Amino acid sequence: MSPLIEARGLVRVYQVRRGLFGRPIPVRAVDGVSLTVMPGETLGIVGESGSGKSTLGRMLLGVDDAQEGEVLFEGRPMPAMNTAEWRALRAKMQLVYQDPLAALDRRLTIAVQIGEPLEIHDLLPKEQRASHVAELMAAVGLRSDQADRYPHELSGGQRQRAVIARALASRPRLLVCDEPVSALDVSIQAQVVNMMRDLQEEHRIAMVFISHDLKVVRNIADRVAVMYLGRIVEEASSDVLFKAPQHPYTQALVSSVPVPGQLLEGRVILQGEPPNPANRPAGCAFHPRCPIARDICRSAVPQLRRISEGRAAACHVVAGEPVQAEA
Ligand SMILES: Nc1ncnc2c1ncn2[C@@H]1O[C@H](COP(=O)(O)OP(=O)(O)OP(=O)(O)O)[C@@H](O)[C@H]1O
Ligand code: SF4
Ligand SMILES: [Mg+2]
């Protein structure tokens with residue numbers, strides 16, 4: 001089976017000013033990321049704030065440009081944004097953001113908004129659209145009497161269900177979900193995540209699920225990529241990664257989420273300052289916070305290396321001694 005989407009060496013550099021009159025400095029928000037997502041697979045992306053998760057998600061859809069690298073969708077290079085080819089492809093790739101209120105138009109009923117993609121992409125005969133919208137509403141757990149409500153007349157959870165229904169309207173092959181449940185009450189989060197998982201399995205939609213909440217990712221993802229300062233530092237199947245994380249950063253993240261019966265023997269506490277992409281440490285960017293850092297870690301960037309089938313980590317210690325200094 002070939003990947004639905006493949007990213008090769010993606011780099012995104014933003015020019016960021018320090019202070020009002022400061023000179024812009026380049027910030028590598030995404031720094032050489034390669035990944036694949038198979039049809040019907042859910043890839044979780046986790047990492048602290050500022051690690052580049054959202055930028056990477058936008059790049060996968062071609063909404064944010066790559067300065068280096070490329071994205072292939074169904075084996076073909078992603079067309080440039082806003083071209084006719086890209087717009088046609090957008091029906092197959094949808095984005096769900098954190099804030100459903102911002103994603104919805106306050107002046108339109110949710111039924112109208114759920115049906116918008118059908119109109120934009122001219123996907124179904126007009127007379128079939130209303131029944132498709134009704135099916136989508138039922139699929140995400142919205143009642144038919146809510147069809148004519150405006151976004152402000154729904155709860156946060158119902159609004160996000162409407163956003164998901166709209167994303168599903170064009171029968172996408174890929175959903176990129178950026179913190180889709182973070183703004184919802186904890187009691188509602190599990191319901192919405194379970195609903196997303198059921199729909200994703202039923203329709204075999206591939207999903208990139210971005211979240212800083214490891215419990216949510218563990219519940220929904222088949223495979224997980226851990227990001228630190230724009231790079232993937234560990235990647236493995238969800239089961240393996242949460243049971244036996246290899247990279248010290250992943251160990252610290254997983255340690256911070258106690259799971260009954262599966263606590264790590266030695267808890268790793270994340271020390272030091274949160275990562276700042278404008279001030280990337282030399283060598284392994286994690287070294288100032290790493291409890292097992294060695295001299296080599298301060299000068300050589302560890303590359304992502306395969307450590308077993310389907311499993312990779314970027315750490316000098318985990319993957320054995322480095323062959324040579326690479327940065
Ligand atoms: N449009 C932009 N202009 C300048 N810098 C940006 C822009 N978007 C993101 N950045 C910077 O790129 C880095 C990565 O940001 P990004 O939003 O991708 O991180 P994130 O992992 O999604 O964080 P969070 O968990 O807070 O959502 C950050 O340092 C951020 O300040
Ligand atoms: S490369 Fe060194 S500093 Fe980085 S995570 Fe591994 S041991 Fe720690
Ligand atoms: Mg983000």
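Student: How many residues of helix α10 are buried?
Tutor: In α10 (residues 248-255), 7 of the 8 residues are buried, so the helix is mostly covered. Buried means under 20% relative accessible area, exposed means over 50%, and partly exposed lies in between, with a 1.4 Å probe and protein chains only. Before going on: this is a predicted model, where local features need pLDDT of at least 70, side-chain atom pairs count only at pLDDT 80 or more, and totals for chains, interfaces and linings use all residues. Residues are numbered from 1 along each chain as its sequence is written, chains are lettered from A and ligands numbered from 1 in the order in which they are written, and side-chain values use heavy atoms, with hydrogens and water left out.

Student: Which residues of α10 are the buried ones?
Tutor: They are P248, Y249, T250, A252, L253, V254 and S255. Helices (H or I, at least four residues) and strands (E, at least two) are DSSP runs, numbered from the N terminus.

Student: What do they pack against?
Tutor: The buried residues of α10 pack against β3, α8 (214-220), β9 (223-228), β10 (231-237) and α9 (238-243). Contact here means heavy atoms within 4.5 Å.

Student: Take L253. What does L253 touch?
Tutor: Leaving aside neighbours within four places in sequence, L253 is in contact with V46, L214 and V226. L253 has a relative accessible area of 10%, so it counts as buried.

Student: And where is L253 relative to E309?
Tutor: Their C-alpha atoms are separated by 22 Å, and the two residues are 56 apart along the chain.

Student: Back to β3. Is T42 buried or exposed?
Tutor: T42, which is found in strand β3 (residues 42-46), has 0% relative accessibility and therefore counts as buried.

Student: Which side chain does T42 have a polar contact with?
Tutor: The side chain of Q200, at 3.2 Å. A polar contact is a pair of N or O atoms within 3.5 Å; within protein, one must be able to donate a hydrogen and the other to accept it, and residues adjacent in sequence count only if both atoms are side-chain atoms.

Student: What else touches T42?
Tutor: Not counting residues up to four places away in sequence, T42 touches Q200, M207, F209, I220, A221, D222 and R223.

Student: And the Q200 end: where does Q200 lie?
Tutor: Q200 lies in helix α7. At 5% relative accessibility, Q200 is also buried. With residues up to four places away left out, Q200 touches G40, E41, T42, I205 and M207.

Student: How do α6 and α7 cross?
Tutor: The axes of α6 (residues 156-169) and α7 (residues 186-203) come within 10 Å and cross at roughly 15°. That makes α6 roughly parallel to α7. Axes are lines fitted to C-alpha atoms, for helices over the stretch in contact, and angles run from 0 to 180 degrees between N-to-C directions. Angles under 35 degrees count as roughly parallel, over 145 as roughly antiparallel, 65 to 115 as roughly perpendicular and the rest as oblique.

Student: Which residues make that contact?
Tutor: G157, R161, I164 and L168 of α6, with I188, Q191, V192, M195, M196 and L199 of α7. By class, they divide into 7 nonpolar, 2 polar and 1 charged. Ala, Val, Leu, Ile, Met, Phe, Trp, Tyr, Cys and Pro count as nonpolar, Asp, Glu, Lys and Arg as charged, and the others, Gly among them, as polar.

Student: What about α4 and α6, at what angle do they pack?
Tutor: α4 (residues 110-120) and α6 pack at about 25°, with their axes 7 Å apart. That makes α4 roughly parallel to α6. The contact is made by I110, Q113, I114, E116, P117 and L118 of α4 and A162, A165, R166 and A169 of α6.

Student: Which residues of α4 meet α5?
Tutor: I110, A111, I114, G115, L118 and E119 in α4 meet R129, H132, V133, L136 and M137 in α5. The axes of α4 and α5 (residues 126-139) come within 9 Å and cross at roughly 120°.

Student: New topic, backbone. What is phi of N82?
Tutor: Phi of N82 is near 70°, a positive value in a residue other than glycine. N82 is in the loop between β5 (76-77) and α2 (84-90), and at 48% relative accessibility it counts as partly exposed.

Student: And what is phi of E179?
Tutor: About 50°, positive although E179 is not a glycine. E179 lies in the loop between β7 (174-178) and α7, and at 9% relative accessibility E179 counts as buried.
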